[in-house]
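Let's walk through this one together, starting with where the chains meet and then moving on to a few local details.

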2 protein chains.
Amino acid sequence: MTNTETYAVPTGFGSPELIGLLNREMRKRWSAVAERTDQMAGYALLAPGKMLRPMLLLTSADATGGDSAQLLPAALAVEYLHVATLVHDDIIDDDELRRGRPTVHTHYGMPDALVTGDFLILNMTSTLLECTAVQPAAVLEAARVLSTAGSDVCRGQVREAGMAGDLNCPVGDYQEMVALKTGALFRGACRAGAILGGATAEHADAVTRYAEHLGVGFQIFDDLLPYLADSPTTGKPATSDVANLRPTFPVLVGYQAAGDGDRRRFAEALSGRMPVADSHRLMRELLISTGALDLSRARAAEEIAWARESIADLPGTAAVEQMLAIADLSIDRNR
Amino acid sequence: MTNTETYAVPTGFGSPELIGLLNREMRKRWSAVAERTDQMAGYALLAPGKMLRPMLLLTSADATGGDSAQLLPAALAVEYLHVATLVHDDIIDDDELRRGRPTVHTHYGMPDALVTGDFLILNMTSTLLECTAVQPAAVLEAARVLSTAGSDVCRGQVREAGMAGDLNCPVGDYQEMVALKTGALFRGACRAGAILGGATAEHADAVTRYAEHLGVGFQIFDDLLPYLADSPTTGKPATSDVANLRPTFPVLVGYQAAGDGDRRRFAEALSGRMPVADSHRLMRELLISTGALDLSRARAAEEIAWARESIADLPGTAAVEQMLAIADLSIDRNR
């Protein structure tokens, strides 16, 4: 998997070959399972996702001089953790659509969906431990990195909930929250891949920096998506952020740039008192008129440039190309 | 921790010294934490619990010839997993009281409680990995055992939910469910303790069998508790099982022993159509009149006898005494 052929021109996030391999392995494990809990996990896992975090783990191993061929279980493990957070997030936000399909709790009910998320988190650890070709000490370190990343994601989710409706939230606090909620798992995936691949500390740090910048850029662009595209493209309702009163990056930036009149309109759009479709439309107008959309896009692009810079000197050139392409795509996508 | 002095006459589940040590360590880690997520985890963890699963892990290490002194993080880890399932169970059942205090979602709201459970599961892995004095291969195996146990608990929870209101559920299905929902974590705790302590395969299997029988006996007695004691003693509402339409062990046994008239009354008590206090009172009468309470108690005692037998030949005699006392207490308690 380290040779250049597998890193073909990317469509989506990563080489079609690697994504195909990940999807086949996922189907093999989850498409014909007997127990209801496993079936629900399969329902969540086999929805067409970007496989971004598994790709980051595999390419980070290759980019730092390792061989990702042994690390497929670890790549699945990080996706399990990611999907678990989606399943639980959807319960919290009561979102009905994810990846173009009914969410797990919409399909199976809240109690079973809650347990399915737990099940996926627990499968993260047991699946990671299938990497038996790797030194036990490296597997332990990767498990530590990924479980700590998961804990940080939780801290980020709680901080995000605490910010609901707060237009005066400092942008710095928002960025700290994003570094936890989104950045931590990107960071965990890249760092775990490097560690499992036997990278030097310097190379592991390089992919870690890449991941941190990628995480921020990715999340800012994610915050923009609802105002760039409609539900059928993103796979989830464009109105979810206003419905949940999220002061996202463009919203905070727009609010700070706005005069008193517009600030009142921002507050109205994020009050939860208007029909969500109207809130969303009003918010979109405000983000355009205050220049917040353009400003946020530029800010995301800056992070992506830093992400690119972080990995310039790594030895696995084909994989580095792949990671550069992933960085570019993270701010040029419609879902 | 392997000498006999620390295994004093038990009050509660295990030696007061070991329980004191566990409680002090728990407080040290969780009583002065800054982040809201950690505070919520602390709220859940520092409620006065039995510390049964951590005790099982530590005593299993000592009983099989190991030294539990190095395994405090692993003991906490198994309690994190257990408490995570309680936090999530309470959301699912919407129970308001646990260990005599408001449940996490009652105190902090559902969204944050849900994330707190995830956080605790993730802390299980990272905390277990603090056992650096143990061989990495043994830590990996213990992590596998505990995460697999957690997955089994999830499968058990989903099966339990599927049985709601079903008085015709075969007792065998119920026992399989209990082996997953309750037994798996007892099994995981004992087996992980043995593995981390460097036990032989034979000795690890002995504590595993002990745990399996203890789990069934413990759960059957747990099912009896609401009909033996009132809420202030058990720390959770005695009416929870009927409110959630759980066909528990005594209920299934009583229903099978009952004639047509009593069967109709069983169905009424578990229909969710009566006020829960009335359902609970009717169920209690039925369980007494059908002999189900006595029968269940005898069945639990049988499992406990088998649990005792399983560990008779282990080398760590003081710890074995402790495990025998735990087994006896599991069917002679009021919470």
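**Where the two chains meet**

Between them, chain B and chain A bury about 3400 Å², with 73% of that on carbon and sulfur atoms; buried area here is the accessible area (1.4 Å probe) that two parts lose on being put together, summed over both. Three residues, Leu122(B), Leu140(B) and Val158(B), supply 18% of the area that chain B buries against chain A, more than any other three residues.

Before going further, keep in mind that this is a predicted model, where local features need pLDDT of at least 70, side-chain atom pairs count only at pLDDT 80 or more, and totals for chains, interfaces and linings use all residues. Residues are numbered from 1 along each chain as its sequence is written, chains are lettered from A and ligands numbered from 1 in the order in which they are written, and side-chain values use heavy atoms, leaving out hydrogens and water.

Have a look at the one joining the side chains of Glu35(B) and Arg159(A), at 2.7 Å from N to O.

**One helix pair up close**

Now zoom in on helix H2 (residues 36-45) of chain A and helix H7 (residues 136-162) of chain B, which pack at about 105° with their axes 8 Å apart. Axes are lines fitted to C-alpha atoms, for helices over the stretch in contact, and angles run from 0 to 180 degrees between N-to-C directions. That angle makes H2(A) roughly perpendicular to H7(B) (65 to 115 degrees). On the H2(A) side, Arg36(A), Thr37(A), Asp38(A) and Met40(A) make the contact, and H7(B) answers with Cys154(B), Arg155(B) and Val158(B).

**A backbone detail**

Most residues other than glycine have a negative phi. Asp94(A), though, has a positive phi, near 50°, and sits in the loop between helix H4 (72-93) and strand E1 (97-98) of chain A. Over in chain B, phi of Asp94(B) is near 50°, and this residue lies in the loop between H4 and strand E1 (97-98).

Conventions:
Helix = DSSP H or I, 4+ residues; strand = E, 2+ residues; numbered from the N terminus. Parallel < 35°, antiparallel > 145°, perpendicular 65-115°, else oblique. Contact = heavy atoms within 4.5 Å. Salt bridge = Lys/Arg side-chain N within 4 Å of Asp/Glu carboxyl O.
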